[in-house]
Amino acid sequence: MNRITVVGSLNIDTTLQVNSFPLPGETVKALNKSSTAGGKGANQAVAAARSGAKVYFIGKVGDDQQGKFLIEALKEEKIDVSSIKLEKRIGTGTANIILDKNGQNSIVVYGGANGHLDSLDINQEENKIINSDFIIAQFETPQKATKEVFKLAHKYGKKTILNPAPANRIDTELLGLTDIIIPNEFESSEITGIKVKDFKSMQENSRKFHNFGVKATIITLGNKGVFYSFNDEEKVVPAEKVSVIDTTAAGDTFIGAFGAKLNLTMNNFTSAIDYAQKASALTIQRLGAQVSIPTLLEIKNKFKENFK
Ligand SMILES: Nc1ncnc2c1ncn2[C@@H]1O[C@H](COP(=O)(O)OP(=O)(O)OP(=O)(O)O)[C@@H](O)[C@H]1O
C-alpha cells in the first residue's frame, strides 16, 4: 500500500443553476443551489485513498463551518487530517460555479485559507513526509510551500509528483525538485511556451521539462488519453472508450489513482497509467467531483482485472 502526502487545496464548490448568466448590474434567480466538497488537493487525496493508498493531507481551511465540513469529508475517506490547519484570519476557499441551462459554466474561485499555507506549516509536518512514499502537489496552494515540501521529500528519498493546475507561471526551481510532472495539454503549453498539438510538440514539451530536471512527464489529453516520457520512452496511450456524462475531476482522479498504484522504483510506470486512465474513465461517467471518483473495487469489477 503506497503512503502519500497530498499538499493542496480544500474548497467548497457551490453551484448555482440559472436560466441565463446575469449581465453586469443584473440580478437573476437561481433555480437550484448545491454545495459539495472540492479543491484539487482534496479531490486527488480522495482518489488516492479510494484506490487503497494511505493518505496524509497538508492544507489550510478557515475556522468556520465550511472548513469543518471539508475536514469531515476527508475523514470519512480515512484520510489523515491531522496536518490540516485552521486559519483564524481568513475563510475557507470556495469555488462559486454558475451553471446555465446549456451546461456552460462561469467560475469565481476564492482561494481563502488555501493561499496562506506557508513554509512553517510544512516544516511542522516533517514526520508525514518521512512516513510517505510519494508527495503530490498542485497550484491551488502557494508554490513556495510546495518547494519546501519537495525539498524535504528529496532529503528523505521520497518521490514528488506535481500537477501544475490551474495553469500558472512556474518557479523553475520547483521543476528541478519535481520527479513526475502531470499537466493537461493547456497547462503544459502555458508552462513551456510550446503549444501541444501533435506528437512532436509533446516530445518538445517533455524535453523542456526534462532540461529543468524533471524525470518523467505525463501530459493528459482528455479523450485522447495521455502522452508520457519516461526512461527514454515516449508514447501516447489511448483513453478508454466511454460515453461522457461529466468530465469534472477526470484529471484529479488520474493523478490520485496513478500515485496510489505507482511503485517507488517506478518499474510499473505504464501499468499505473493504465490503471489511472481506467479510474478516470469511471469518474467521467458520473455527475459531480468527489462523489464521482471510483474505489479500487469498482475499478477492478468494472474492468475485470486484478491490478496488482
Ligand atoms: N472523454 C473522455 N473519454 C475517456 N477518457 C477521458 C475523457 N476525458 C478524460 N479522460 C481521462 O481522464 C484523463 C484526464 O483528463 P483531462 O486530460 O481532461 O484532465 P483535466 O483537463 O485535468 O481534467 P479536468 O480539469 O476535467 O479534471 C485523461 O488522460 C483520460 O484518461
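## Annotated sites and helix packing

Leaving aside neighbours within four places in sequence, Asp13 is in contact (heavy atoms within 4.5 Å) with Ser34, Ser35, Thr36, Ala37, Gly38, Gly39, Ala95 and Ile97. This is a predicted model, in which local features need pLDDT of at least 70 and side-chain atom pairs count only at pLDDT 80 or more, while totals for chains, interfaces and linings use all residues. Residues are numbered from 1 along each chain as its sequence is written, and side-chain values use heavy atoms, with hydrogens and water left out.

Asp13 lies in strand S2, where helices (H or I, at least four residues) and strands (E, at least two) are DSSP runs numbered from the N terminus. An unreviewed UniProt entry lists Asp13 under "binding site", together with Asn11, Ile12, Gly39, Lys40, Gly41, Ala42, Asn43, Glu140 and Asp252; such annotations may be inferred rather than shown by experiment. Asp252 is located in helix H9 (residues 250-261), and, not counting residues up to four places away in sequence, Asp252 touches Lys40, Asn43, Gln44, Ala47 and Asn163.

The unreviewed UniProt entry also places the feature "binding site" at Asp246, Thr248, Thr283, Arg286, Gly288 and Ser292. Although these residues are spread over 47 residues of sequence, they cluster in space, with a largest C-alpha distance of 9.2 Å. Thr248, in the loop between strand S13 (233-237) and H9, is in contact with Thr283, Gly288, Ala289 and Ser292 when its neighbours within four places are left aside.

The table gives relative accessible area, for which buried means under 20%, exposed over 50%, and partly exposed in between (1.4 Å probe, protein chains only).

| Residue | Relative accessible area | Class |
|---|---|---|
| Asp13 | 12% | buried |
| Asp252 | 7% | buried |
| Thr248 | 38% | partly exposed |

How do H1 and H9 pack? Their angle is about 45° and their axes are 7 Å apart, the axes being lines fitted to C-alpha atoms over the stretch in contact, with angles running from 0 to 180 degrees between N-to-C directions. H1 and H9 are therefore oblique to each other, a class left over after roughly parallel (under 35 degrees), roughly antiparallel (over 145) and roughly perpendicular (65 to 115). In this packing, Lys40, Asn43, Gln44, Ala47 and Ala48 of H1 meet Asp252, Thr253, Ile255, Gly256, Ala257 and Ala260 of H9.
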